[in-house]
Amino acid sequence: MSTEVSPALNITPRVISTQPRRSDKVFRGVVTAGGLSSLLILGLIALFLGWRGFDVMRTQGISFITSSDWSISTDDLGNVVESNFGLAAMLVGTILCALIAVVIALPISVFSALFLNFYAPNWLKRILVSTIDMMAAFPSILFGIWGFLVLMPSVEYWAKLLHKYLGFIPIFDIKVPVYTRSPFVAGVVLAIMIIPIITSVSREVFSQAPLDRIQAAYALGATRWAMIKAVVIPHGRSGVIGGAMLGLGRAMGETVAVFTVLNIVFQINWQMLLGAGGNVASLIILKFGDASPYEINALMGAGLVLFILTLIVNGIANQIVKRTGKSGR
Amino acid sequence: MTTMETSKNMSTSNILPTTNVASLEARGIHAWFGSHHVLSDINLDFAPSTVTALIGPSGCGKSTFIRTLNRMHEFIPGAAMAGEVLLDGKDVYAPGTDVTKIRLKIGMVFQKPNPFPSMSIGENVLSGLKLAQLKVANKDDLLEECLERAGLWKEVKDRLNAHGGSLSGGQQQRLCIARALAVSPQVLVMDEPCSALDPGSTLKVEETISQLKASMTIIIVTHNMQQAARVSDYTAFFLSDGGPGQMIEYAPTSDIFSRPQDQRTENYVTGRFG
């Protein structure tokens with residue numbers, strides 16, 4: 001027999017199997033349960049919101065997210081005579097406040113992370129890190145009250161300044177001179193609340209910048225700042241964006257602090273300095289207390305919409321992180 | 001000695017200043033990490049346009065020593081040093097010295113190739129200019145010049161915009177050499193530059209070293225004794241007997257390998273330990 005015949009056609013890859021040990025199987029079961037439970041809980045919440053809100057959303061149709069009317073009238077027996085539920089103003093307000101917050105918080109957080117990692121002496125670093133972590137654990141109502149009592153009067157001054165010099169840009173324009181309780185104030189409060197998370201994520205990714213590249217930069221006569229620009233920031237860019245998106249998510253879902261400082265008005269308002277705005281979560285807290293069962297269903301629907309909006313934002317964030325992640329490493 | 005001959009064929013640079021080859025002197029260098037004394041009383045002179053090899057077993061303080069020369073030692077928390085490093089007679093540790101200028105004059109090539117991952121090949125070579133905020137008249141010429149001198153030009157000239165990470169390990173190391181050359185250092189210290197490379201790439205780097213000698217003073221740490229014999233003019237043997245590392249012997253390379261004065265040197269270079 002000749003061995004010259006090409007064997008390629010007759011050979012199939014072997015099936016390679018591994019027999020996991022019993023302990024491995026048990027452990028795999030435990031971690032799988034842990035991993036799936038969060039998915040399960042989240043899914044059940046979404047399902048619950050959808051189930052409760054379904055009726056309202058079907059009646060309202062697309063106007064649930066495109067109109068800005070929120071009214072319900074009932075007769076003496078409590079039967080709903082007429083209802084109109086529209087979230088457009090609240091959705092715009094949610095996005096506006098959260099964006100203001102991230103725009104303010106991101107540079108502050110990145111600079112504090114850089115300071116903590118590369119400039120602060122050790123004793124100061126320890127103090128600052130625990131202070132920032134404490135900020136994250138601070139009850140949001142206190143931020144809200146502080147924002148209302150302390151921040152508002154001074155923010156008004158800055159708002160007027162912004163309007164005066166940047167008023168030609170539409171979002172800094174203002175038609176009615178009402179400067180208090182604006183999305184801008186809410187954004188500043190939210191910014192302070194999301195600084196800890198963005199700082200701590202940034203600090204983590206900056207600290208993982210490869211030491212040999214850092215040394216390479218220094219060995220080429222780089223100053224510290226030049227080194228940071230060349231090595232640390234490219235390395236950490238995608239992580240920082242991820243942290244900013246976490247902050248954005250938190251800012252979109254924040255309830256009490258926004259409710260405390262913001263003047264909730266059912267009208268789409270992109271003018272960030274004007275004292276009128278909204279936020280889906282604060283709408284829920286505003287209406288929940290004395291809502292009829294039917295209106296509560298509408299609020300559940302609103303919760304579902306916020307939930308989906310957050311998912312969309314996170315999805316976009318993941319795409320951005322994926323796209324920027326390659327170049328830096 | 002074929003590598004020595006190629007150095008004579010090298011065209012002299014017309015872009016980089018090649019006249020400022022500097023001498024480097026180490027005077028009574030001690031080094032500590034915390035309370036751990038790792039290097040004791042090293043005195044060494046590096047003459048202009050020579051290659052000096054530092055040999056010795058692991059942990060004898062060779063790398064620590066060269067890192068005291070360009071002030072990279074002080075990055076390690078708890079690191080301390082004593083003594084003087086004189087670059088053309090001026091102490092690099094003198095108060096008021098701009099440390100970034102020192103590192104520009106004393107370039108460094110590391111053990112593991114470390115090109116900047118976010119930059120292209122071309123950007124990597126010129127990164128030193130940006131990092132140290134230097135201006136150069138013609139960047140393209142400098143780029144070609146540095147890659148040529150590092151022996152990499154032919155291999156990368158058609159893909160200067162590719163990522164540095166797309167090169168092989170040996171090419172990456174020569175890219176790092178080209179990067180160090182772009183800021184025209186007077187002294188180049190190399191910390192086991194070939195230990196992560198295959199023999200072919202090692203040969204290329206050694207050829208590069210021999211060619212660079214004309215325009216700079218080179219100090220190379222190596223564990224490869226044949227390499228020390230091939231590339232260096234002088235060799236210093238370092239050893240730690242459990243305490244801080246010391247310099248046992250310093251002599252022209254041929255003497256170290258043919259008639260070492262110290263028994264320990266002989267044992268090491270003949271492969272009896274280390």
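Trainee: Which residues of α4(B) meet which residues of α5(B)?
Mentor: Gly122(B), Val125(B) and Leu126(B) in α4(B) meet Lys139(B), Leu143(B), Cys146(B) and Leu147(B) in α5(B). Contact means that the C-beta atoms, placed from the backbone, lie within 7 Å. Helices are DSSP runs of H or I with at least four residues, strands are runs of E with at least two, and both are numbered from the N terminus. This is a predicted model: local features need pLDDT of at least 70, side-chain atom pairs count only at pLDDT 80 or more, and totals for chains, interfaces and linings use all residues. Residues are numbered from 1 along each chain as its sequence is written, while chains are lettered from A and ligands numbered from 1 in the order in which they are written.

Trainee: What makes α4(B) roughly perpendicular to α5(B)?
Mentor: Their axes cross at roughly 95° and come within 10 Å. Axes are lines fitted to C-alpha atoms, for helices over the stretch in contact, and angles run from 0 to 180 degrees between N-to-C directions. The bands are under 35 degrees for roughly parallel, over 145 for roughly antiparallel, 65 to 115 for roughly perpendicular, and oblique for the rest. So α4(B) is roughly perpendicular to α5(B).

Trainee: Why is α6(A) called roughly antiparallel to α8(A)?
Mentor: Helix α6 (residues 183-207) of chain A packs on α8(A) at about 150°, with the axes 8 Å apart. That angle is in the antiparallel band, so α6(A) is roughly antiparallel to α8(A).

Trainee: How many residues of each class are in the contact of α6(A) with α8(A)?
Mentor: Twelve are nonpolar, six polar and one charged. Ala, Val, Leu, Ile, Met, Phe, Trp, Tyr, Cys and Pro count as nonpolar, Asp, Glu, Lys and Arg as charged, and the others, Gly among them, as polar. Arg250(A) in α8(A) is one of the residues that meet α6(A).

Trainee: What makes β2 and β5 of chain B edge strands?
Mentor: The open sheet runs β2-β1-β4-β5 in chain B, with antiparallel pairing. Strands β2 (36-46) and β5 (90-91) each pair on one side only.

Trainee: How do you know that β1(B) and β2(B) pair?
Mentor: Pairing needs at least two DSSP bridges between the strands. β1(B) and β2(B) have seven, in the antiparallel sense. Phe33(B), for instance, has His36(B) in β2(B) as its bridge partner.

Trainee: Which strands does α2 of chain B touch?
Mentor: Helix α2 (residues 62-69) touches β1, β2 and β4 (79-87) of chain B. The direction of α2(B) makes about 120° with that of β1(B).

Conventions: Contact = placed C-beta atoms within 7 Å.
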